[in-house]
Each structure stands twice: as C-alpha cells, then as structure tokens.
Amino acid sequence: LCESRTETTPLDGAGNPISGPLSIGAGSVSVRDRAVVTVEGATTFDGTVTFFLCKLDSPDLCDDSNAAHHGTQIGSPQTISQPSPVTVTSDAAIVTSAGRYCWRAVYSGDEATDVPGSSDSRASECFTVNPVTPTLTTQASGPVSLGNAISDTATLTGTANQPGTPVINPTTAGGPAGGTITFTA
C-alpha cells in the first residue's frame with residue numbers, strides 16, 4: 001500500500017522559519033514555503049510539488065475545498081523523485097498588504113507507481129504580516145508678538161507604500177502612502 005504525506009513550513013525571504021508576525025516594512029515582504037514529501041510503500045516515484053499562497057480576510061484556510069481560497073500559484077510546479085523524504089522550497093513570493101496569509105503545498109502523486117497525492121494547508125501554514133506604525137512629529141514656531149504669524153512643521157516617517165496589484169507578487173507596484181495632515185491652531 002503506497003501513501004504520501006506532505007508537511008510544510010512557512011519561511012521568511014531569507015529561508016528562516018516564520019516564528020511570529022512579519023512587518024510590511026516599506027511596503028512589501030518576501031516569504032517562501034518548504035515542503036517535505038514522504039512516500040511510503042514505493043521505492044521509485046516522481047511527481048511535482050506546487051505551492052499556493054492565499055491572503056485571507058476570514059479564518060478559512062488556503063485549500064481546495066473553498067474555491068475562493070485556492071490561492072495564487074507561486075512559481076512553476078517543481079519536479080521531485082526518490083529517495084523519500086524529499087524537501088523542496090518554493091520560489092519567493094512578495095506580499096504588499098498587511099493581513100493574514102496561508103500557504104498550501106500540493107504533491108501530485110505518481111499514478112505510474114500508485115503513489116497518491118497529498119497536500120498541506122494546516123493552520124500552521126499561516127502567518128501574519130503587520131502594518132507599520134508611522135510617526136508624526138511637529139515643530140511649532142517660537143513665541144511671537146500678538147498679530148504676527150505662527151507656523152508649524154509636521155514630519156511623517158515610517159510609512160509603507162500602498163499595496164500593489166495584486167497584493168501577492170504584484171504586477172503593478174503600490175504608490176506612496178497617501179492621506180493628508182491637517183493643522184489646527
């Protein structure tokens with residue numbers, strides 16, 4: 001009886017396991033996924049591993065059971081073969097919006113050797129990208145005599161670009177942070 005098992009670990013862009021929230025930084029963050037495919041009951045096998053990344057606005061996972069959460073395919077399917085276990089790492093994905101993301105890795109199986117496919121889309125495949133916290137500082141003009149003008153200078157730092165389109169591996173970069181600063185005396 002042949003069987004396969006796929007277990008994955010989300011990674012940051014440098015290839016380190018993600019252990020907590022990531023920061024969107026100046027407007028994007030690079031992430032990867034690592035899959036370990038274990039095949040039992042067959043000494044020869046091959047197949048492919050395909051990686052998907054979802055941005056979730058709900059607690060749902062990135063899986064085949066919900067068409068809205070199939071995910072964005074990251075890179076091309078990667079060919080694998082024996083010996084088992086086989087480790088494969090996804091191409092880097094660039095995300096440009098804060099939020100909750102989940103990876104899904106799918107092993108195709110090998111029909112010729114009766115090895116079934118498998119996938120991993122567990123909650124441990126999810127991670128959070130936090131927004132940045134901008135800083136606004138002001139510098140008011142010094143004391144003036146009644147009737148003279150006053151002024152204030154505001155400096156905004158620590159902003160991120162707006163999300164790109166689409167938010168995963170964008171083809172159009174996001175523009176600079178927008179908005180207004182209002183002065184009230």
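This is a predicted model: local features need pLDDT of at least 70, side-chain atom pairs count only at pLDDT 80 or more; totals for chains, interfaces and linings use all residues.

Thr-8 belongs to strand β1, which covers residues 3–12. Once residues up to four places away in sequence are set aside, Thr-8 touches Asp-33, Arg-34, Ala-35, Ala-105, Asp-120, Arg-122 and Glu-125.

With Glu-125 there is also a polar contact, made between the side chain of Thr-8 and the side chain of Glu-125 at 2.5 Å. The relative accessible area of Thr-8 is 6%, and because buried means under 20%, Thr-8 counts as buried.

## The largest nonpolar core

The largest nonpolar core of the model contains 29 residues, and within it Val-49, Leu-53 and Phe-127 have the most contacts. At least two residues of this core come from each of β3 (29–40), β4 (46–56), β5 (72–81), β6 (86–89), β7 (93–95), β8 (99–107) and β10 (126–130). The largest share, five residues, is supplied by β3.

Leaving out its neighbours within four places in sequence, Val-49 is in contact with Ala-35, Val-37, Pro-77, Gln-78, Ile-80, Val-88, Ala-105, Val-106 and Tyr-107.

## Strand β6 and its pairing

Strand β3 pairs with β6 in the antiparallel sense, over four bridges.

In β6, Val-86 and Val-88 form the covered face, whereas Thr-87 and Thr-89 form the uncovered one.

## The disulfide

What disulfide links does the structure hold, and how many? There is one disulfide, which joins Cys-102 to Cys-126 with an S to S distance of 1.9 Å. The pair links distant parts of the chain, since Cys-102 lies in strand β8 and Cys-126 in strand β10, 24 residues apart.

The link of Cys-102 and Cys-126 is right-handed, with 100° about the S-S bond. Cys-102 is buried, and Cys-126 is buried as well.

## Cis peptide bonds and positive phi

Most residues other than glycine have a negative phi, and most peptide bonds are trans. Against that background, the peptide bond joining Ser-84 and Pro-85 is cis, with omega of about -5°, and Pro-85 is placed in the loop between β5 and β6. A cis peptide bond also runs from Thr-165 to Pro-166, where omega is near -15°; Pro-166 is found in the segment after β12 (152–157).

Asp-114 is not a glycine, yet its phi is positive, at about 60°, and this residue sits in the loop between β8 and β9 (118–120). With a relative accessible area of 61%, Asp-114 counts as exposed, because the term applies over 50%. Asn-169, likewise a residue other than glycine, has a positive phi near 50° and is located in the segment after β12. The relative accessibility of Asn-169 is 28%, so Asn-169 counts as partly exposed.

Note on methods: Residues are numbered from 1 along each chain as its sequence is written. Side-chain values use heavy atoms; hydrogens and water are left out. Buried means under 20% relative accessible area, exposed over 50%, partly exposed in between (1.4 Å probe, protein chains only). A polar contact is a pair of N or O atoms within 3.5 Å; within protein, one must be able to donate a hydrogen and the other to accept it, and residues adjacent in sequence count only if both atoms are side-chain atoms. Contact means heavy atoms within 4.5 Å. A nonpolar core is a set of buried Ala, Val, Leu, Ile, Met, Phe, Trp, Tyr and Cys residues joined through side-chain atoms within 4.5 Å. A disulfide is a pair of cysteine sulfur atoms within 2.5 Å. Two strands pair if DSSP finds at least two bridges between them.
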